[in-house]
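Good morning, colleagues. Please take a moment with the sequence and the model on the screen before I go through the geometry.

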Amino acid sequence: MTGKLLSAIGSLGAAAFAFLPVAALAQQQTAGHPEPGQIGLQPSVTPIMDSIHAFHNGPLMITITLITLLVLVLLVIVIVRFNAKSNPTPSRTTHNTAIEIVWTVVPILILVIIAIPSFSVLSDQLTIPDGERKYLGSNIFSFGEEEVPAPSLTVKATGQQWYWDYEYVDQAKTFSAIMLNDAEAAAKGQPRLLAVNYELVVPVNTTVRMQVTADPIGVIHAFAVPSFGIKIDAVPGKLNETWFNARETGIYYGQCSELCGKDHAFMPIAVRVVTQEQFDTWMAAFEAGTIDDANATLPALS
Ligand SMILES: [Cu+2]
């Protein structure tokens, strides 16, 4: 008896936990990396991540909440009305055509309703802006209302075992980004397991065409930066493309998001968004010298 009571309390507790994310939606973070105790998504600085926030906090959260409530109510009814004591002679029903149709059709309808904004966001992510096409932004049920300029910078990221190579394609400048150890990251004032020796530097409010591939004799990786709403596979021999346009300066971190081998967890992505003037100075110094010369033109991080 006590066991039954405990498991009933456990079910209620689990149901209550399911609603915690709703309470967390209000919280706002500014860092471009995960923070201790964080529950919600990382804050957005691009139109695509605006769409993902709106999709997650809107249709998805409402659907999940309603389904969880329905299942909770059904469970409580079963516990109260159909336990061995209050229902000693169970029904022998095996089929009920009406309810079987309902529990097949309703989930299909729910999936179709979720799929419409989901596919629209996916199409936005994978269509490089041409200056004409309008993007959803935070209004995922619009037919596109946000204008995005065509890309004026092309960056290629190549997944290596286990770090990232970057190339400014039009400037023909390349560098490798290697993760810093804990002491080096702390000295730089950057988060451990995310800080790298050289960040990818891009200008703010600029559409960046992001080309992603992997070492031809290597393995599959994935290039992901949560604050930008970017996640795309890095496949040997294939050039995948996505884009971002960050509206705030700062450092935004991501990680390889495809299990790729022993150091999969240790090939972080760090993108430093700077002003256009800072970027121009940085790129001029890079073209004239080394990446160290270029980074010397930027304010120190720590
Ligand atoms: Cu990887």
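Helix α3 carries a kink of about 35°, centred on M61; the bend at a residue is the angle between axes fitted to the seven residues ending there and the seven starting there. Helices here are DSSP runs of H or I with at least four residues, strands are runs of E with at least two, and both are numbered from the N terminus. Helix α3 spans residues 47-81, which is 35 residues, and it reaches 50 Å from its first C-alpha to its last, close to the 51 Å expected at 1.5 Å a residue. The expected span is 1.5 Å times one less than the number of residues.

Before I continue, two remarks on the source. This is a predicted model, in which local features need pLDDT of at least 70 and side-chain atom pairs count only at pLDDT 80 or more, while totals for chains, interfaces and linings use all residues. Residues are numbered from 1 along each chain as its sequence is written, and side-chain values use heavy atoms, with hydrogens and water left out.

C260 is buried at 8%, and M267 is buried at 1%.

Next, Q125, which is placed in helix α4, residues 97-126. Q125 is buried, with a relative accessible area of 17%. Its side chain reaches the backbone oxygen of G229 at 3.1 Å. Leaving aside neighbours within four places in sequence, Q125 is in contact (heavy atoms within 4.5 Å) with I48, I52, G229, T242 and W243.

R192, by contrast, is exposed at 52% relative accessible area, in the loop between α5 (182-188) and β6 (200-203). R192 and D182 are 10 residues apart in sequence and 5.4 Å apart in space, C-alpha to C-alpha. Their side chains are joined by a polar contact of 3.2 Å. A polar contact is a pair of N or O atoms within 3.5 Å; within protein, one must be able to donate a hydrogen and the other to accept it, and residues adjacent in sequence count only if both atoms are side-chain atoms. Not counting residues up to four places away, R192 touches D182 and A185.

Finally, the backbone. A cis peptide bond joins Q161 and W162, with omega about -5°; W162 is found in the loop between β3 (153-160) and β4 (163-168). A172, in the loop between β4 and β5 (173-177), has a positive phi near 55° although it is not a glycine, and at 59% relative accessibility A172 is exposed. N205 also has a positive phi, of about 55°, without being a glycine. N205 lies in the loop between β6 and β7 (208-214) and is exposed at 51%.

Definitions and conventions. Buried < 20%, exposed > 50% of the residue type's maximum accessible area, 1.4 Å probe, protein only.
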